[in-house]
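Welcome, and thanks for taking a look at this one. Please open the model below and keep it in view while you read the briefing.

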Amino acid sequence: KRSCLARPDCRFPTGIMRTSARVSWKYESPVAAAAAASSDGETESPYMIGQASSMGSTSSEQHIAARLSEGQRALRSIRCRVSGSMIVLGICCSCVTPINLLNSGFPYWFWSLSWAVQGAGIVILNLAPLPDDPALTKVVLVLIALIYAGLIVIDHTRRRESTVVEWYCQPGEESCDVSQLYFTTAHAFNIYVIVVVVVAVAFCTLRQLQKLSWVILSSIFGFNILWEVWRLDELLNAATDLVWFIICAFPGLHLRVQSWMRNLFAWRMRKAAAAGIASLVGNCDVKDILAQARTRFRSISLENIREEQLADNLPNPQLAAVSIPAKLGRCDAFISHSWHDDAGVKWRRLQEWRRDFRKDKIREPIVWFDKCCIDQTDIELDLRCLPIFMAGCNKLVIFCGPTYFERLWCIMEIFTFVHMGGRLDGIVLVPVLRPGQEAEDHDAIKQGLDNFDAAQCKCFNPDEKDQMLTIIRTAFGSTASFNSAVVKIIRKVWSRDFEDDGAGMNSSDSEASHASALSFSSSGS
């Protein structure tokens, strides 16, 4: 039995009996299975549990490991090309003003230009870290602090030689009081910024650091604008600082600038998708996360799922006893659904799909169902293993209702299944349409797809949404790029399974709607 399970060409024969406690196997040779398949026109044994028919070799752990390794390489490449290039560019621009101060022989217009370039450099530095990179975020903040510490040292040195003060003094000013006040206040503010950066790097979380970094830059540019407008002789500097201030002060704007900057160092969409998978798994060794997923992967026979279990999404650790450990690649389907769709209708559609599966395979479907297969005592680790769990399922069965495209986890499941090697013909779309409201629900689903925006999707846990959006922005640079990639996948499945059969539905013909639902489910069994 053990050697047969390890061989991809093995067939599992008739006479399979499954109870809630164990599965009983009867061996049939591959040759006999092939003969039986050819005699009835089938290309595979109808009794094989969990053969990876739609995903091919992706059910193997070797292929899963290769996918994860590819994703990690893609993520490292993105970090190097995007973050590395922007760090170098930012440092070069930020060093212009200190170099200018070291040589006071440059004309005043060159000083103004260097001031603008330095502002751009500091903004670019802050745009460099990917959203999931705490180490580089801290490094950038330290670099900004060092730049302003360098300005203090250079200014103090030049003031002792009276060069800088004379440069700022204007005719009619008594003892250059305004310039002296400017330097004193500027140095005090720079020292305050340095102290805030040190404290933030030591004690703040990644999200706090990212928000604080933009607040610090906004404060710096705001301070500069106040002084430049008050003096009335540095309005050009004030104009450039105003541009940087606006970019830093409005999150939506600096996210757009960040996306545009990354497009300068563009990568292929396939690489972005692979990096997204790596971000889901986290900064883990491929062998370690695969070993964890192997021990945590569970499945459940659909006959053991009860209607009341679909009524709500409240955690119930006792349900884990209903599921059993499973081998990667030997689970028939990953069930994807929204908990906010009608539970009664969803249950009936699930039973219809189950009935068609049993008619085709002559056995119960073995599925991954979130409420029964996620370890409620360590949800975070199971979610990290989710890409591997999905690659270990042969099909993705989507029970799509009016709220499906509003749930961020549902969309991530589609994206993950495809980019872990699942083919589009391995996705089954089953509509969840309420009787008597078929046309209304159909239009709501279509509108949700047409207006899909990951940033507007919802999660049960708001922190999970922030985490998902961080992963998306890390891999794709912006939610708009992710939206485009996901909608492209969904529209292909929609046009195949939904539009053709569902376009003619109307609320006055519930029987036609029911037949349409059956055709959807049977098409992917």
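Two residues are in contact here when heavy atoms of theirs lie within 4.5 Å. Do bear in mind that this is a predicted model.

**Nonpolar core**
- The largest nonpolar core has 133 residues, and the members touching the most other members are Leu68, Trp353, Trp368, Phe405 and Phe482.
- Leaving aside residues up to four places away in sequence, Trp368 touches Phe297, Arg298, Cys331, Ala333, Phe334, Ile335, Cys373, Ile374, Leu386, Phe389 and Cys393.
- As background, nonpolar side chains tend to be buried together in soluble globular proteins.

**Sheet**
- Six strands form an open sheet with mixed pairing, in the order S4-S3-S6-S5-S7-S8.
- S4 and strand S8 (427–431) are the edge strands; each has a single partner strand, so one side of each lacks a neighbour in the sheet.
- Strand S3 (residues 298–301) pairs with strand S4 (residues 324–325) in the antiparallel sense, over two bridges.
- Within that pairing, Arg298 has Pro325 of S4 as its bridge partner, while Ser299 stands opposite Ile324.
- S3 also pairs with strand S6 (residues 366–368), again antiparallel and over two bridges; here Ser301 stands opposite Ile366.

**Surface patch**
- Which residues make the nonpolar surface patch of about 410 Å²? They are Ile191, Val195, Val199 and Phe203.
- Ile191 belongs to helix H8 (residues 177–203).
- With a relative accessible area of 46%, Ile191 counts as partly exposed, because exposed requires over 50% and buried under 20%.

Terms used
Residues are numbered from 1 along each chain as its sequence is written. This is a predicted model: local features need pLDDT of at least 70, side-chain atom pairs count only at pLDDT 80 or more; totals for chains, interfaces and linings use all residues. Side-chain values use heavy atoms; hydrogens and water are left out. A nonpolar core is a set of buried Ala, Val, Leu, Ile, Met, Phe, Trp, Tyr and Cys residues joined through side-chain atoms within 4.5 Å. Buried means under 20% relative accessible area, exposed over 50%, partly exposed in between (1.4 Å probe, protein chains only). Two strands pair if DSSP finds at least two bridges between them. Helices (H or I, at least four residues) and strands (E, at least two) are DSSP runs, numbered from the N terminus. Patches are made of residues with over 30% relative accessible area and no salt bridge: like charges are joined within 9 Å, nonpolar side chains (Val, Leu, Ile, Met, Phe, Trp, Tyr) within 5 Å. Accessible areas come from the Shrake-Rupley method with a 1.4 Å probe; for residues, only the protein chains shown count as cover. A salt bridge is a side-chain nitrogen of Lys or Arg within 4 Å of a carboxyl oxygen of Asp or Glu.
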